[in-house]
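The sequence and structure come first.

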Amino acid sequence: MLAAPSGPVLTPRVLDRMEELKETNVFFALQPGQVDLELLEELRFTWGFQVCRVGRPTQDYLRRFLLQSAGDLLITIDPLTDLDQVIAHTRRLRGGAFCEKDLESLLHWAVQRRAPLPLTGKDLMFRPYQPKREAWDRLKAMTGLDEVKDALRRILATAILENHRRQSGALPQPFCRNLAFSGPPGTGKSVAARLTAQILREEGCGTGRFIEAGREQLIGTYLGETSPKIAELFKKARGGVLFIDEAGALLDGGNDIYAAEAVNALVRHMELDPETIVILATYPREMAQLLASNPGLFSRIAQVLDFPPYTVEDLWQILQSFAAQAPTPCTLPPEARQISTAFFSTLRRRTGPRFGNAREARRLFQASIQELALRLLDTPSAPDNTLTRQDLKNAAHRLLTQPANESRSVGFRA
């Protein structure tokens, strides 16, 4: 058995000697921070090693550990204190990094603050261990996307349930959490992915890390460089969400060996690191082609969520939210609805599939602010945050008369 309390255990030097050890039974004992996914892959796929993940401490063990640690520090905990609630708050704060040492730290901080004995739940759950739970509300408040929000709530609720079962010592069922977001630009795919990471973090089921990557972050400049780049992304996103935007760029078209290498590496790491959620996002046709191109990738996606284009009324609501949530809230004129809906309808007819949905609402709002700024520049009166009918009309006219950009406004191409 090879193990170490800290530092690397799996090193290239160890793997270089595997040929000498192939007749010997070898067992590696690794802590989470000691796992190098690239070297672990080589053990699995080259030397036939099996990976076994040791379960987390049971809830009963954590309660006993908390009480024993208090005894070691010669402090007492009120028998009426809900220890499970204390543990849940601590786990929610720490996410995937949680361990029993965090409970010991609670006691040390209580001593440092000279909390009166016996300690109560309030003493053990002071403000740093009471994070706000607002991501659910933000998801609910998103304009439209009712089917997407309902599906996300079900998937995330299942992940939370499995995490609670694991905390209680029960054996959780295998559950795939990777997702695919399919839809045109500006329909909330990035926002929904970011909220997914926050929700799991607030519920104590993840670290809250959110790493966004495109082709340039995934694919190397030469063969063999891609897999290490993807391994590094998984390391950064561990326990959170790895969001692959414009995933259609990974379509190899039959001759892009770099894209094929990237997809194969993604599939391997999805299996090696199931606690990290991978979310792929691209246009509907490209998503269907991507998932059909690799059966391994398709089997590791729990669900494909369709993000439909926003209606004109949806975009009007989004424009109102931009005005209300601006650093300095703005007041819209009574004619704002008529002007903005006409703008969205006209622009959608002109741009077709390149229409930016919510991004167009943001462009209209920002252009209107520019018109307001120009108007106030020539007016000696005090600054005003009220947009006029003419501000909106000038902004809409300017955006509609801009030269059409035939290239895609978002994303990238190889």
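## Burial of an aromatic pair

F65 has a relative accessible area of 17% and is buried, because the cut-off for that class is under 20%. Y61 is partly exposed, with a relative accessibility of 29%. The model is a predicted one, and these values are computed from it.

Y61 and F65 both belong to helix 4, which spans residues 59-72. They are 4 residues apart there, so about one helical turn separates them.

## Ring contacts

The number of aromatic pairs in the model is 5. In the pair formed by Y61 and F65, the ring centres are 6.1 Å apart and the planes meet at 35°.

An open sheet is built from 5 strands, with parallel pairing and the order 4-5-6-3-7. Its edges are strand 4 (210-213) and strand 7 (303-306), each of which pairs on one side only. From one strand to the next, the twist averages 20°.

Within this order, strand 5 (residues 241-244) pairs with strand 6 (residues 277-282). The two run in the parallel sense and are joined over 4 bridges. L242 has V278 of strand 6 as its bridge partner.

Technical notes
Residues are numbered from 1 along each chain as its sequence is written. This is a predicted model: local features need pLDDT of at least 70, side-chain atom pairs count only at pLDDT 80 or more; totals for chains, interfaces and linings use all residues. Side-chain values use heavy atoms; hydrogens and water are left out. Rings of Phe, Tyr and Trp (its six-membered ring) pair if their centres lie within 6.5 Å; planes under 30 degrees apart count as stacked, over 60 as edge-to-face and the rest as tilted. Buried means under 20% relative accessible area, exposed over 50%, partly exposed in between (1.4 Å probe, protein chains only). Two strands pair if DSSP finds at least two bridges between them. Axes are lines fitted to C-alpha atoms, for helices over the stretch in contact, and angles run from 0 to 180 degrees between N-to-C directions.
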